[in-house]
Amino acid sequence: MSRIAIGTILPSSNRVVERTTAALLRHLPGIDHCAARIPYAPDGSGQPAGAYDAPSYADAARLLGHAGVAAVCWNGTRGAALGLPADRALIASLAAEAHCPATTTAIFTAAWLRRRGARRIALVLPGTVAEGAAHIAGFAAEGIETVAAHGLGCPDNLSAAAVASTAIIDAVHTVATEARPDAILVWSTNLHGLDAMAPLEAALGIPVLDSAALGVAALLDRAGIDTAPLAHFGRVFATP
């Protein structure tokens with residue numbers, strides 16, 4: 001087939017990843033996007049507390065493989081909370097099931113930050129800072145320190161999709177002022193931060209990274225697709 005396809009695995013309660021991917025792929029004609037969901041209800045049920053439900057991910061990857069995708073990505077941030085070794089093991093399983101390269105949002109994010117020497121980050125989180133503690137610990141284990149964090153008070157995963165862009169922008173400015181980090185992560189793929197990335201980067205002079213956009217960047221990287229046409233969305237798509 002002449003058209004390239006890429007495959008995303010996302011949480012069942014997510015309403016942002018597909019929207020973000022579609023917005024970006026409008027600038028990359030000739031690429032198809034295929035999506036598969038794993039069980040993750042608004043309250044987080046559907047996945048065990050301290051691990052991935054491996055069969056659900058295997059099934060999702062296998063079905064994406066049926067579409068001949070060039071790469072698959074788990075576009076969720078949970079890997080930071082579980083610890084990135086869990087995502088490294090997941091990548092191996094996804095690649096074996098889909099018969100193509102695989103990646104995750106968390107793995108790509110940590111690698112992107114390290115390549116650019118961004119060792120001090122700030123997080124904008126959907127819930128509370130206390131609920132984000134496991135994510136902070138996961139980044140710390142990779143040598144990335146969280147120097148500021150701000151929670152948006154979402155009661156569950158689904159409600160994160162309804163957070164207004166203005167609230168995300170205000171939170172980014174808050175953590176930027178608190179700690180002067182090297183980079184700021186909008187750390188939930190159900191928070192819509194895509195459109196705010198470039199204006200915030202211009203205002204603050206540091207990378208501001210939307211999680212769902214990071215997952216798309218990860219997927220395009222593994223599929224070998226040039227992201228230069230997306231550079232106006234933010235630094236994550238610019239040529240290193």
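## Sheet E6-E5-E7-E8

An open sheet is built from four parallel strands, ordered E6-E5-E7-E8. Its edges are E6 and strand E8 (208-210). Each has a single partner strand, so one side of each is left without a neighbour in the sheet. From one strand to the next, the twist averages 20 degrees. The model is predicted.

Strand E5 (residues 120-125) runs parallel to strand E6 (residues 145-151), and six bridges join them. Leu-125 stands opposite Gly-151 in E6. Between E5 and E6 the chain passes through helix H6 (residues 133-140), and this β-α-β crossover is right-handed. E5 also pairs with strand E7 (residues 183-186), in the parallel sense, over four bridges. Here Ile-121 has Ala-183 of E7 as its bridge partner.

## Helices on this sheet

Helix H8 (residues 165-179) lies across E5, E6, E7 and E8. H8 runs at about 140 degrees to E6. H5 lies across E5, E7 and E8, at about 170 degrees to E7.

Helix H5 (residues 105-115) is mostly covered, with eight of its 11 residues buried. These are Thr-105, Ala-106, Ile-107, Phe-108, Thr-109, Ala-110, Trp-112 and Leu-113. An α-helix has 3.6 residues a turn, so residues three or four places apart point the same way. Just after H5, Gly-117 adopts a positive phi of about 65 degrees.

## Sheet E2-E1-E3-E4

Another open sheet has four strands in the order E2-E1-E3-E4, again with parallel pairing. Strand E2 (31-38) and strand E4 (102-104) are the edge strands, and each pairs on one side only. Neighbouring strands are turned against each other by 20 degrees on average, direction ignored.

E3 pairs with E4 in the parallel sense over three bridges. In this pairing Trp-74 stands opposite Thr-104 of E4. H2 packs on the sheet and touches strand E1 (4-11), E2 and E3. The direction of H2 makes about 155 degrees with that of E2. Helix H4 (residues 84-98) lies across E1, E3 and E4, and runs at about 145 degrees to E4.

## Aromatic pairs

How many aromatic pairs does the structure hold? The count comes to four. One of them joins Tyr-57 and Trp-74 edge-to-face, at 5.0 Å centre to centre and with 85 degrees between the planes. Tyr-57 lies in helix H2 (residues 54-66) and Trp-74 in strand E3 (residues 72-74), so the pair ties together parts that are 17 residues apart in sequence.

Ring pairs link Tyr-52, Tyr-57 and Trp-74 into a cluster.

## Thr-20 in helix H1

Thr-20 sits in helix H1 (residues 17-25). Thr-20 is buried, with a relative accessible area of 0%. What does Thr-20 contact, leaving aside its neighbours within four places in sequence? The partners are His-192, Leu-194, Asp-210, Ala-212 and Ala-213.

Terms used
Residues are numbered from 1 along each chain as its sequence is written. This is a predicted model: local features need pLDDT of at least 70, side-chain atom pairs count only at pLDDT 80 or more; totals for chains, interfaces and linings use all residues. Side-chain values use heavy atoms; hydrogens and water are left out. Helices (H or I, at least four residues) and strands (E, at least two) are DSSP runs, numbered from the N terminus. Buried means under 20% relative accessible area, exposed over 50%, partly exposed in between (1.4 Å probe, protein chains only). Contact means heavy atoms within 4.5 Å. Rings of Phe, Tyr and Trp (its six-membered ring) pair if their centres lie within 6.5 Å; planes under 30 degrees apart count as stacked, over 60 as edge-to-face and the rest as tilted. Two strands pair if DSSP finds at least two bridges between them. Axes are lines fitted to C-alpha atoms, for helices over the stretch in contact, and angles run from 0 to 180 degrees between N-to-C directions. A crossover is right-handed if, with the strands pointing away from the viewer, the path from the first strand over the helix to the second runs clockwise.
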